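This report describes one protein, from the whole chain down to single contacts. The sequence and structure come next.

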Amino acid sequence: EDFPALAKVRGSVAEQQAALAARKAEVGGCPTWKNPREDAVSRAWDFAVGGYKDKAISASVYAYQSYLVRAADHLRKSGPPPPDGTGEPIEGFTLIGTMIGLNDQKNTEAYLLITKANCGWNVPMGIGVMAPIKFDVVASMSRSEHQQRDWYCPWSSACDDVCWDKTLPIFLSSDAIEHTQVRQLWDEVTLKDAHIADFPYEGDVETSLLGTLRHAIGLTVPTEDETANLISPFLMERVFQKKPSAAEAEHIAQYVTYGKLCIKSSLAAKLPIVNTKIRSIRDTMAKFALDSPVALKMAKLLEEPRYAELKKQTASRGKPLLEMALTNLADASLFAGMLGTTDMTWKCVKYLFRDPAHVRMFRKDPTNYLWELMRLQPAVQGFTTKLQEPMEINMYGEKVVLPKGAPYKYVNSMANRDPSVWSDPLVFDPDRPWSEMGEVMSWNGQLKHVVARNYSGAPRHCPGHDLSVKIAAHVCARLTRHLEAEGGEQLAGTTEDGSGDLKLLRAFAALGGHRHEDL
């Protein structure tokens, strides 16, 4: 009686289920909820609309939703796990990895699945909470000079020094003077001008060992490893102003395989092979940096009074001052540089191989194309802050109080699709006006502030944005230079089918605040 449009549906069970799925898609899926806990789990089957792949995705969502309901109960009764990660569940991490794998390695799709399945509610993540927040809240926090950070990893999980040191800027609060100083230091010694000058053409990638092996087994799209092997020498040379050897570049490129686990470094530390590989790659990059022109510049600048607080903090870590300072720059170049740039570039390559319309859009304006690609499929899914005061939220119909100091992850996947900011937010359109493109939240701040290196508008902006986009454009063009830009005339391609998604987005955008009690 609640849904008269469905009461008249007749036919086989499959036909009735199809009618129900269609109705849910029409309204975004969420308004049909009666029992939030049970319906959140059952919601997983709404995604089983196609063949075996969709059914596998639904099965993974079902397992994840079941896990989330249990984790929410534990969070409500016992609070979040301790900051050292003791008792932090691994189940959620592995299930998200499964969803990423089933969605062609596109991490954004896993986060969107979680958001859609939970209708915009906060959900447990790591030792904290993930909040699929609307644009204005994410943008406001990204601009805040008081954004608090702590020794929490990007997945709202416990950290370990297998991947980095506590003095890396991602762990420093925005109002810490050391945070501002280290960013200014990196800009001055290298990053501000690292993108200037074009890259040389260096040989045919199809003759590389990986390219030869790929063709031998009938694969046409370049692999992520091939992409990383092209990126690493450019990245190393531009950041440290020194050309790496082939062996050094190849070793650094392996970070793309092992460094991904640094989003949950407490787990990486427990895996012997991964642990050893990450430390070896980090050591190689740090040694490369120590014997570079950037090291000489940094050594001189660290003696200046304007970097006094940073020098004191860096010297407190038990390593020689310059070695520690360069290790942090090397680690940032690996995690944000190698991982982020490879993710962006490989997505670009795959889209161009699949759709001639994308070839045409990319070649028309590579930079705009990559900005729009990162709006819809960002390499970085968000950022994790530390709550400055207790927060009461709603999880599956139950009130949960997060304590002061708990990690709270802001996610870009919904913010970058907010229909109050972008017209036709599900459409891939690199020709968007700057009034829209400048709002993209994929480089730790609104793009308009990131490209201007505006420390007040985006105090935590990605300092390597310019270099990363330039490398991605060059490598993507190189790997796709033989493709023909054919196909239909439309210059905008959808990334999802979307009528129900758009309704959900509009409902989500209409919400006030970021607690979602009323959804």
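Of the protein's 519 residues, 55% count as buried. The model is a predicted one. Its accessible surface comes to about 21,700 Å², and carbon and sulfur atoms account for 55% of that area. The protein has 24 helices and 10 strands. Among contacts between residues at least 6 apart in sequence, 74% join residues at least 24 apart.

**Helix H11**

Helix H11 spans residues 246-253, and its buried residues are Ala249, His251, Ile252 and Ala253. What covers these buried residues includes four other helices, listed here with their residue ranges.

| Helix covering H11 | Residues |
|---|---|
| H10 | 224-240 |
| H12 | 255-258 |
| H14 | 272-290 |
| H17 | 321-354 |

**Helices H17 and H19**

Helix H17 also meets helix H19, which covers residues 366-376. Their axes come within 10 Å and cross at roughly 100 degrees. The two helices are therefore roughly perpendicular to each other. On the H17 side, the contact is made by Asp343, Met344, Lys347, Cys348, Tyr351 and Leu352; H19 contributes Tyr369, Leu370, Leu373 and Met374. Sorted by class, this contact has eight nonpolar residues, two charged residues and no polar ones.

**Arg453**

Arg453 is found in the loop between helix H22 (447-451) and helix H23 (465-479). Is Arg453 buried or exposed? Its relative accessible area is 14%, which is under 20%, so Arg453 counts as buried. Leaving aside residues up to four places away in sequence, Arg453 touches Asp187, Leu191, Lys192, His461, Pro463 and Asp466.

Terms used: Residues numbered from 1 in each chain as written. Predicted model: local features only at pLDDT ≥ 70, side-chain atom pairs only at ≥ 80, totals over all residues. Heavy atoms only, no water. Buried < 20%, exposed > 50% of the residue type's maximum accessible area, 1.4 Å probe, protein only. Contact = heavy atoms within 4.5 Å. Areas by Shrake-Rupley, 256 points an atom, 1.4 Å probe, with all protein chains shown as cover. Axes fitted to C-alpha atoms, helices over the stretch in contact; angles between N-to-C directions. Parallel < 35°, antiparallel > 145°, perpendicular 65-115°, else oblique. Nonpolar A, V, L, I, M, F, W, Y, C, P; charged D, E, K, R; others polar.
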